[in-house]
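Please look through the structure before reading on.

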Amino acid sequence: MSTFGGHMVYGDTLAEDWTADDGETELRISIIPHDNYKTLKHRYKPTVCCVRAMSGTPVSSRGDVRDDVSKSVLSSLECPVCMEYIAPPITLCQNGHNICSCCRKKMFRCPACEGQFLSVRNRALEDIAAAIEYPCRFSHLGCDEAYPMDRIGKHHSKCPHRVYSCFFDKLSVCGWKGRRQDIKRHVLDAHEKSALDLDDGASSCVSWEVPNSNCYRDSLQVIFCLGEVFLYLKRFDDSRKKLFVLVRYVGGRSAAARYRYKLKLRAPDGTQKASFCSTPVTEMDETERVFEAGECVVVDFDLLLRFVKGVKTMKILRVDDVVTEL
């Protein structure tokens, strides 16, 4: 028997399916009075765990108890040393306290009771850890995402509320780190030549001309516009004879979907024009995969040669403005 916050969880498993509004089973638990535990045990199918309300605690609804249980389980899955959620393998001390595998390697005794660690694993808690979704570690900063244990790590590395490294770190060995709201000040101070500040606080559409001098070179620029941060990447692929133009939104996918970017090509005499449009990707999307899938603006070299001396314009605009233009 273990304690999860205000609840007792028995090693003997009792179960009852609880279904969320979307039709998916959220928890498999059974709430029974402690006095009836032995008599009711045979009526339930074994599953992960059994939870009973503590003596004297009123249970107003299944929803209230479910939320309470979820918080208690998540609390029990926090490592007492690093305060991160514990991922399998989960080990125990002789008094039943849990610790994550990373901190276990650094500790000689349990940080909670100074008891010795055991070589056994807490399989019951590992089953629970694999069955629930974990809230983002940056939830206190506004992130409301939640993922299973095997995916939460990838989300943390790309969460828009995380601590960012400088976008030019690999190019100029810049060691800056900071929050999203501090990116603009750093980039304009330290990398002004690689930035465009087009944010006037009012426009819903911005554009800039791409000079012929750097149109045919690989480049990375940070664009500040529409109250947002975008990365503008150009890459020439000689092997495939194509130009890839990619705009990456610094933030989540739902926000990125509100924008479009366009590349417009116009011949010197104005008789020939070409236009390409795409949706910004996010940091969750790997650059090479985006290029391979063609999920960006792709221009063949043969077509590009027609506009070598023409005007080339980039534009970023909100979805409503794209619909109006088209």
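## Strand pairing

Strand β14 (residues 205-209) pairs with strand β21 (residues 311-318) in the antiparallel sense, over 5 bridges. Strands pair if DSSP finds at least two bridges between them. Strands (E, at least two residues) and helices (H or I, at least four) are DSSP runs, numbered from the N terminus. Ser207 has Lys315 in β21 as its bridge partner.

Strand β18 (residues 259-266) also pairs with β21 in the antiparallel sense, over 8 bridges. Here Arg260 has Leu317 in β21 as its bridge partner.

## Basis of the model

This is a predicted model, in which local features need pLDDT of at least 70 and side-chain atom pairs count only at pLDDT 80 or more, while totals for chains, interfaces and linings use all residues. Residues are numbered from 1 along each chain as its sequence is written, and side-chain values use heavy atoms, leaving out hydrogens and water.

## Positive patch

On the surface, Arg151, Lys154, Lys158 and Lys170 gather in a patch of positive charge. Like charges are joined within 9 Å, placed at NZ of Lys or CZ of Arg.

Helix α5 (residues 149-158) gives the most to the patch, with 3 residues.

## A loop residue

Glu145 is found in the loop between β9 (133-135) and β10 (146-148). Glu145 is partly exposed, with a relative accessible area of 34%. The C-alpha atoms of Glu145 and Pro135 are separated by 6.1 Å, and the two residues are 10 apart along the chain.

Terms used:
Patches are made of residues with over 30% relative accessible area and no salt bridge: like charges are joined within 9 Å, nonpolar side chains (Val, Leu, Ile, Met, Phe, Trp, Tyr) within 5 Å. Accessible areas come from the Shrake-Rupley method with a 1.4 Å probe; for residues, only the protein chains shown count as cover. A salt bridge is a side-chain nitrogen of Lys or Arg within 4 Å of a carboxyl oxygen of Asp or Glu. Lys and Arg count as positive and Asp and Glu as negative; His and the chain ends are not counted. Buried means under 20% relative accessible area, exposed over 50%, partly exposed in between (1.4 Å probe, protein chains only).
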